[in-house]
Every structure is written in structure tokens, then in C-alpha cells.
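Dear colleague,

Please find below the structure that I am handing over to you. My findings follow directly after it.

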Amino acid sequence: MEYLYIKSLHLIFVITWFAGLFYLPRLFIYHIEATQRPQNEADVLTKQFKLMSRRLWNIITWPSAVLATLFAVWLLILQPGWLQSPWMHIKLTFVVLLFAYHIKTHFIFKQFQQDIIKWTSNQMRLWNEGATIILFAVVFLVITKTTTNWLFGLGGLIGLALLLMLGIKLYKNYRTKKGEQ
């Protein structure tokens, strides 16, 4: 029974962690686009986006990352045999990539809080898809627990990434035609 409770808590915090990782780059996009508005609007909007980002990052995303990790370690203590499985090695590699993504997003967050904006909204839209690709990879690995179709899975991830980039490009073209930035 302990295993099921810990697994449930792990999943809850993974979900809230990803929610933060999905939404924060969206706030960055809105923040970037707000800076292109008239000064009085830009000042109000950027102040609000900084506040929303700070609350999301510090109250939801970071605590969720820490708690998801603690419960994951607890699960591995309860099921140490998983560490012998090839699918777990690949999953842990994606978890390391997720932490790299999280840390880089933290640096971007710090820059935005200081009004240092080095990204375009389109670049941030692409960045936003990094967490999506990692989520797909981890979910499929955990559910299927197989590495035999790893090349097929990798092809699927590349296909997903290409579809996401195509979607972003189509959205950019749509916005350009409408006269938006």
C-alpha cells in the first residue's frame, strides 16, 4: 500500500512540475510581446507577468520538482530492481535532460525578472516544446517499459518535434497575416 501512495504523490508532483514548465514559457512569450506595446501598457503588463512568473516558479514549479524527485527516490528505494532495467536507464537520462531544461528555464526566469530579454517570442515558443518532448519520452518509457523499440520511439520523438516546429511556423505565418507580432 505504501508503494501506491508514494507513486500517486510522485505522479501528482510530476504533473504540477510539468504544468509549471509548460506555463512559464507561455508567460515569457506574453512578457516578450508586452514589451512591444506602448510604454504605459508595457509597464503594467510586464510588471504583472513578472509577478505571475515569480509566483508560478517559486510556489508551484520548484516545490513540485523537489517533491517529484523525493518521491521518485522513495519509489526507487521501494523497487531497487528498476535500476537494473534498461528502460529505467533511458528514463533517468530523460530526467537528467528535464533537470537541465528546468535549470536553463530558471536562468531565463532570472533574466526576465531583471528585464533582460534575449529571446524572441518565436524562439520561446520553440523552447516551450522541450518539456513536451521530454514528457512524451518519459511517459512512453514508463508505460511500455521497453527499449526494444527504442529506434522507433526516437523516430517518433523526432517526428513529434518536427510537427511541433511546423505548428509554430504555421502559427507565426497566421499571426503575420493577421498583422500581429
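I begin with the record. The unreviewed UniProt entry carries the annotation "transmembrane region" for residues 6–24, 56–77, 83–103, 124–144 and 150–171. Please bear in mind that the coordinates are those of a predicted model. Two of the annotated spans were examined in the model. Residues 56–77 are 100% helix and 0% strand, with 30 Å between their end C-alpha atoms.

Overall architecture

The chain contains 5 helices and 0 strands, and its elements follow the order α-α-α-α-α from the N terminus. The C-alpha trace extends over about 60 × 35 × 25 Å along its principal axes. Of the 181 residues, 34% are buried. Among contacts with a separation of 6 or more, 81% are made by residues 24 or more positions apart.

Surface and charge

The accessible surface of the chain amounts to about 10900 Å², and carbon and sulfur atoms contribute 69% of that surface. There are 18 positive and 7 negative side chains in the chain. The centres of these two sets are separated by 5 Å.

Salt bridges

Side chains of opposite charge can pair when their charged atoms come close. Across the whole structure, 3 salt bridges were found.

One of them joins Glu33 to Arg125, with 3.2 Å between the closest N and O atoms. Glu33 belongs to helix α1 (residues 2–34) and Arg125 to helix α4 (residues 121–144), so this pair ties together parts that are 92 residues apart in sequence. Both Glu33 and Arg125 are buried.

Another salt bridge links Lys50 and Asp115, whose closest N and O atoms are 3.2 Å apart. Lys50 is located in helix α2 (residues 39–78), while Asp115 sits in the loop between α3 (86–113) and α4; the pair therefore ties together parts that are 65 residues apart in sequence. Lys50 has a relative accessible area of 16% and is buried because this value falls under 20%.

There is also a salt bridge between Glu41 and Arg37, where the closest N and O atoms lie 3.1 Å apart. Glu41 has a relative accessibility of 35% and so counts as partly exposed. Arg37 is likewise partly exposed, its relative accessible area being 46%.

Surroundings of Asn128

Asn128 lies in helix α4 and is buried, with a relative accessible area of 9%. Which residues does Asn128 contact, leaving aside its neighbours within four places in sequence? They are Leu21, Phe22, Pro25, Arg26 and Tyr101. As for Met52, the C-alpha atoms of Asn128 and Met52 are 17 Å apart in space, and the two residues are 76 positions apart in sequence.

In summary, the predicted model shows a chain of 5 helices and 0 strands. Its salt bridges include a buried pair, Glu33 and Arg125, and a pair of partly exposed residues, Glu41 and Arg37.

Yours sincerely

Conventions:
Residues are numbered from 1 along each chain as its sequence is written. This is a predicted model: local features need pLDDT of at least 70, side-chain atom pairs count only at pLDDT 80 or more; totals for chains, interfaces and linings use all residues. Side-chain values use heavy atoms; hydrogens and water are left out. Helices (H or I, at least four residues) and strands (E, at least two) are DSSP runs, numbered from the N terminus. Buried means under 20% relative accessible area, exposed over 50%, partly exposed in between (1.4 Å probe, protein chains only). Contact means heavy atoms within 4.5 Å. Accessible areas come from the Shrake-Rupley method with a 1.4 Å probe; for residues, only the protein chains shown count as cover. Lys and Arg count as positive and Asp and Glu as negative; His and the chain ends are not counted. The place of a charge is taken as NZ of Lys, CZ of Arg, CG of Asp or CD of Glu. UniProt positions are given in the numbering used here, feature names are shortened, and annotations may be inferred rather than shown by experiment. A salt bridge is a side-chain nitrogen of Lys or Arg within 4 Å of a carboxyl oxygen of Asp or Glu.
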